[in-house]
Amino acid sequence: MTMGDRLRELRLRKHISQEEVARQIGITRSAYSHYEINNRQPVYETLKKLAILFNVSLDYIIGGEAARSETPVTPEAIEIIRILNGMDQERRKQSIDRMMAVIRQAD
């Protein structure tokens, strides 16, 4: 099974469109479509986002046999990752520190 076949299968299992996958990982639908038809290969950062979105390992996406990860990833977690990835390193660190402070207060 090619990587494109695997991506298509994972997307269909989640019952989401190419447009929705593209939106959630921050690329165009056209770019994602090329991955599914094996015209292009995603860069490493995009592969990581796809693995998170589909709750599988990078190895699984690229054709390996690794199983799905144990921890489900919510759309909110994907959105947080997308936002954090768009920040410079200092702002990302500050944001993570603030989130951790809120989490510690909740415990």
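**Reading a surface patch and some salt bridges**

Ile-80, Ile-96, Met-99, Met-100 and Ile-103 make up a nonpolar surface patch with about 390 Å² of accessible area together.

Me: Happy to start there! What is a patch made of?

Reply: Patches consist of residues with over 30% relative accessible area and no salt bridge; like charges are joined within 9 Å, and nonpolar side chains (Val, Leu, Ile, Met, Phe, Trp, Tyr) within 5 Å. Areas come from the Shrake-Rupley method with a 1.4 Å probe, and for residues only the protein chains shown count as cover. This is a predicted model, where local features need pLDDT of at least 70, side-chain atom pairs count only at pLDDT 80 or more, and totals for chains, interfaces and linings use all residues. Residues are numbered from 1 along each chain as its sequence is written, and side-chain values use heavy atoms, leaving out hydrogens and water.

Me: Which helix gives the largest share of the nonpolar patch?

Reply: Helix 7 (residues 89-106) does, with four residues. Helices are DSSP runs (H or I, at least four residues), numbered from the N terminus. Met-99 is found in helix 7.

Me: And what counts as a salt bridge?

Reply: A side-chain nitrogen of Lys or Arg within 4 Å of a carboxyl oxygen of Asp or Glu. By this rule the count is six. One of them joins Arg-13 to Glu-9, at 2.5 Å from N to O.

Me: How many residues apart are Arg-13 and Glu-9 in helix 1?

Reply: Four, so about one helical turn separates Arg-13 from Glu-9. In helix 4 (residues 44-54), Glu-45 and Lys-48 are three residues apart, again about one turn; their closest N and O atoms lie 3.2 Å apart.

Terms used. Helices (H or I, at least four residues) and strands (E, at least two) are DSSP runs, numbered from the N terminus.
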